[in-house]
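Thanks for coming, everyone. Please look at the model first.

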Amino acid sequence: MDPGDSIESSGVSDLILKLCNNLAKNDQVLTAKFCKRAFSFLSYSSSTALRTPSASDEAYIVAEIRKNLSTQSKEKIDRFEVLYSKICESGLLQNRYAILQFFYHLSHDSQKQSKDELSSWDTVSKELMKLRPHFGVSTSNSQDSVRHLFDSREKRANNNSHSTALAATRVQSQTTTISSITWSKNDIPTSSKLSSSTIVSELDILQDVVYSFQGIEGKYLRKEPGSTGFSIDPKSGKQLTRIQRGVLDRLTGISFLHNQLKRYCEDNENRSGMICQAFIATLSDELSDYYKTVALLQASMNRHGSMENSEMTLKRALYMMHEHHTRFEWLAYIAEQCSDKKGGSLITAIHGFLQHGSKCAQEVSEKVLKAVCKPLYIMLSRWLLDGEINDPCNEFFVEAKTVIAAERLWHDKYRIRREMVPSFVTVGQARKVLATGKSINFLRQICKDGGTLPGRESLQKLFRTTTADALFAPERSIEFHTTLENVYQETSLRVLDLLKNKYKLYEHLQSLRRYLLLGQGDFIRHLLELLSPELNKPAKQIYSHTLSAILESAIRVTNAQYEDEETLRRLNVSFMSHSSGDTGWDVFSLVYIVDGPIGTIFQQTMPTYQSLFGALWKAKRTEYVLANMRRQQICMAKLFTKIKELKPVMHIIHILTCKMIHFLRQTQYYFLFEVLECSWAEMQNQVNKAECLDDVINAHSCFLSSIQRGVLLDENSRQLFSHLISIYNFVMNLEAHQEALYQASADEFEAHTKYHQKIDEGKNFGTNTEYQVAHKLRRATFHQFLNTTKLKVKTSAQTYDVIVKNFLELLSKSSNMNLRLLSVRLSFNNFYNVA
């Protein structure tokens, strides 16, 4: 054995023995305990691969020492800080980490056992005596025993195998510090022999890790079948320590996330949509930064690969890749949530991560959100500035359709895709964005307005000075939403101003109310009188030019002649489809022609106006018929006073007519005043307060819906309206009976007058037998007709009472309070005994 080796081992053992004795303050029991712990620690150190510690390792062990001392006293912490600062300033110790680690484990292990569990110094001496035949250690004193315990290591080294000799050679080359000496497990009691062939260089493992970071297999890391992750090779991994395996498991997690993101980018590379492509580009940027870090890691390995004590370790690589690992975790989660989404729904999925409690999640999602909002920001700017949509992949939350009719541009061409509205855009804001763009197109295409759009300059300035994060960042979105609100209001007011002034919106509303809703009383009454002879004809015998001439005549002789000429030119007559047996009353209708910008408001409501006109026209015609019947009854009472048999029949007809007049007057008052006038006043109020064209359209639609409910044309009042039509028909039947009775009475009165005139003249001896027989036959026929008519009228009166009673019962059960009050008015003295 080399004498230098013996001196070195003896010196090391003396140092350890003196150190333990000094720390124990010459307490043999405690010295024995410290020596045993020192041997155990050095045995553990010899079982792991040697490497040069880094600054982070030293900082870690210092932090652990401070943590341990903090549980004891503040004085010990202060003393440690002073000693540690002196060690750092002196520069005498080249491996402070190993010494601090040795002291820490020595102190830490000593605190785990109580004094009754420690072996005495004599016990250690006895154990050394037992081992003397194996190591050749003298037992003259305890210190010599410990010293010769380490000296005997070199004697046995000559009998070991060639691999053990190589390990001893490596130990001899590192004599500068205590931790640099490799202690063989055969040299220390209770240690087992460790072969140097099991030690794997961390640089070799790191090279495999770098390969895995790029999705490439290596010696120790293999791809998992059917997955994107890596796992430790079962055969080559046997040479790795438990610590190395743990660090590798954490590093392979980064490889898995990289492969997952890379696969997502490759699978969605050809996916359509600018927002989706922006998301893929952001992921690609993150992967590029990741590849830069991997390149730096590889360069560091290449730079330190030739050095024996390389600073590049698995833990350092883990530290370098920690930020990418955390970001990749959130990016992979975001990518998973966005796998089946596009456009605004993709932005909504990403925006949800912005509310996460993790700061890293917020940073990652904010970066991705800024990128994917850029295409949305561009589409939004073009829509708000020019009313244009450049969205070939249907990602924008405003959708444009192909519409042929200009009047349907506002209603049908543009609509909101609710599934594409981002979560940071409210429904109200989305509607304002839609209305602003629609207003621009309405002004350009329908109104042919070539003037400067209101608010365009402020909006252009906003888009020049802000970025996409102004859409979702709370501190920056205030200005954007304020400007959007102002532009929306200014553009909408421009549209309303054109409609009210240039295109006379109020005048058209008034004309529709006066002519189609029968608000112009004198005109409607005169028109009825002029049309009555013509409309009594069968529908196939009526010609439109005849009715148009009658309409013009009614306009010229009534107050309608003072209305605006443009609105009067739009008024015309129309025929609905008819079948056999229909009269002119069944097919006649007034129409109001609308086109241009006002057609946007009124075009879609024209069928509603036609149905309302039909219902009100029938009621007005019934009222006109009853007025004529009442006038005829007065005439008959004066003309046919000599026909005594006529009075009973006329009495029944008169009573029934009065019932019908009362019913019609009450219903007409309800329709024309309580329903139409109140709804009109409400609509005027809403139109005056309107902020945009949609408000005007909604107010007009509500006006028509209210009238439909009032005149019993809605879905819930069909049974009521059918009863009302039956009552109208009974009025028409009664008119027919009265007209027939009037004609028969007139004929009878004329014949009766001629008969008595002939008798009074006395020429040719008055009348003969044949003439008297004819007179008696005529009188009998007239009496029979009166009896038949009387019976028919009585039957009609009874049926009428039943129908009216049923109608009133339905009104009383209606959910509409106004209809229940109408029921009370129609039977104010409980004449019909309504339950």
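**Salt bridges and a helix crossing**

Across the whole structure, a search finds 27 salt bridges. A salt bridge here is a side-chain nitrogen of Lys or Arg within 4 Å of a carboxyl oxygen of Asp or Glu.

Two notes on the source. This is a predicted model, where local features need pLDDT of at least 70, side-chain atom pairs count only at pLDDT 80 or more, and totals for chains, interfaces and linings use all residues. Residues are numbered from 1 along each chain as its sequence is written, and side-chain values use heavy atoms, with hydrogens and water left out.

Start with Glu286 and Arg327. Their side chains form a salt bridge, 2.8 Å from N to O. Glu286 sits in helix α12 (residues 274-304) and Arg327 in helix α14, so the pair ties together parts 41 residues apart in sequence. Helices are DSSP runs (H or I, at least four residues), numbered from the N terminus. Glu286 is buried, at 4% relative accessible area. Arg327 is buried too, at 13%. Buried means under 20% relative accessible area, exposed over 50%, partly exposed in between, with a 1.4 Å probe and protein chains only.

Next, Asp412 and Arg408. Their closest N and O atoms are 2.7 Å apart, in a salt bridge. Asp412 is partly exposed, at 34%. Arg408 is also partly exposed, at 22%.

What links Asp391, Glu399, Arg415 and Arg417? A network of salt bridges.

Back to α14. Its residues Thr326, Arg327, Trp330, Leu331 and Ile334 meet α16 residues, including Cys360 and Val364. Contact means heavy atoms within 4.5 Å.

Note on methods:
Helices (H or I, at least four residues) and strands (E, at least two) are DSSP runs, numbered from the N terminus.
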